[in-house]
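Please find below my notes on the model. They are set out as numbered points for discussion.

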Amino acid sequence: MRAECASLGRSPLAPTARMAAGADVDAELVRRARGGELGAFEHLYRRHCGRVYALCLRLTADAGSAEELTQEAFVRAWRRLGSFRAASSFGTWLHRLAANLSIDALRARQRWHQRFIGGELPEASSAPADPAAAVDLERAIATLPPRARAVFVLHDVEGYRHREIARMCGLSVGTSKAHLHRARRKLREVLDR
């Protein structure tokens with residue numbers, strides 16, 4: 001899936017033209033998919049799977065979980081396509097759906113760990129296994145504790161505001177800001193090595 005999604009959805013248009021053209025294409029594909037055309041939904045999948053997978057991977061720091069969550073996001077999108085109201089773009093709607101699924105998966109993992117192992121999930125190692133990976137931002141992000149990673153990815157990578165993050169993650173705005181501060185500090189430590 002990773003290779004399949006990584007190469008799809010690229011366009012030679014400039015970013016703003018690509019975004020406007022993409023929204024028009026998505027709107028038409030959504031209309032056709034609502035009418036039962038599976039090929040239209042498959043095209044939506046191909047257009048958006050790379051971005052959805054990348055978000056899930058950044059939030060979970062686990063390729064297997066990211067693949068499962070990506071598939072689940074598209075299954076839910078298909079089932080809920082009738083409820084999509086186009087108040088935002090299809091990509092934004094799908095992205096929010098995938099973010100919520102990933103956050104729910106992180107919560108479930110934490111609850112499982114507390115119930116069967118006891119205590120909090122251990123924090124990820126602050127040092128990547130490969131010393132050369134210290135300059136790799138993706139690997140550095142993966143070393144963050146789950147909550148700090150989620151807030152960092154949603155805020156600094158995906159552009160959500162603290163109020164939205166707090167609502168999505170079940171945190172206060174102040175806690176969201178504290179996690180972001182902690183994540184940035186830990187990333188500086190990892191990347192400065």
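**Notes on helix packing and the nonpolar core**

1. Helix H8 has an outward side: the face turned away from its buried side carries Arg 163 and Arg 167, both exposed. The model is a predicted one, and the points below should be read accordingly.

2. The buried residues of H8 (residues 162-169) are His 162, Ile 165, Ala 166, Met 168 and Cys 169. Viewed down the helix axis, these buried residues fall within an arc of 165°, so they line one face of H8. After H8 comes Gly 170, with a positive phi near 70°.

3. Helices H3 (residues 38-60) and H7 (residues 146-157) have axes that come within 8 Å and cross at roughly 140°. The antiparallel class requires an angle over 145 degrees, and H3 and H7 are therefore oblique to each other.

4. In this contact, H3 supplies Leu 55, Arg 58, Leu 59 and Thr 60, while H7 supplies Arg 149, Ala 150, Val 153, Leu 154 and Val 157. By type, the residues of the H3 contact with H7 are six nonpolar, one polar and two charged.

5. The largest nonpolar core has 46 residues, and those touching the most other members are Phe 41, Phe 90, Phe 152 and Leu 154. Elements giving two or more residues to this core include H2 (15-34), H5 (90-116), H7, H8 and H9 (173-191). H3 gives the most, with 10 residues.

6. Phe 152 deserves a separate entry. Apart from neighbours within four places in sequence, Phe 152 is in contact with Ile 141, Leu 144, Val 157, Leu 180, Ala 183, Arg 184 and Leu 187.

Terms used
Residues are numbered from 1 along each chain as its sequence is written. This is a predicted model: local features need pLDDT of at least 70, side-chain atom pairs count only at pLDDT 80 or more; totals for chains, interfaces and linings use all residues. Side-chain values use heavy atoms; hydrogens and water are left out. Axes are lines fitted to C-alpha atoms, for helices over the stretch in contact, and angles run from 0 to 180 degrees between N-to-C directions. Helices (H or I, at least four residues) and strands (E, at least two) are DSSP runs, numbered from the N terminus. Angles under 35 degrees count as roughly parallel, over 145 as roughly antiparallel, 65 to 115 as roughly perpendicular and the rest as oblique. Contact means heavy atoms within 4.5 Å. Ala, Val, Leu, Ile, Met, Phe, Trp, Tyr, Cys and Pro count as nonpolar, Asp, Glu, Lys and Arg as charged, and the others, Gly among them, as polar. Buried means under 20% relative accessible area, exposed over 50%, partly exposed in between (1.4 Å probe, protein chains only). The arc is that of the directions from the helix axis to the C-beta atoms. A nonpolar core is a set of buried Ala, Val, Leu, Ile, Met, Phe, Trp, Tyr and Cys residues joined through side-chain atoms within 4.5 Å.
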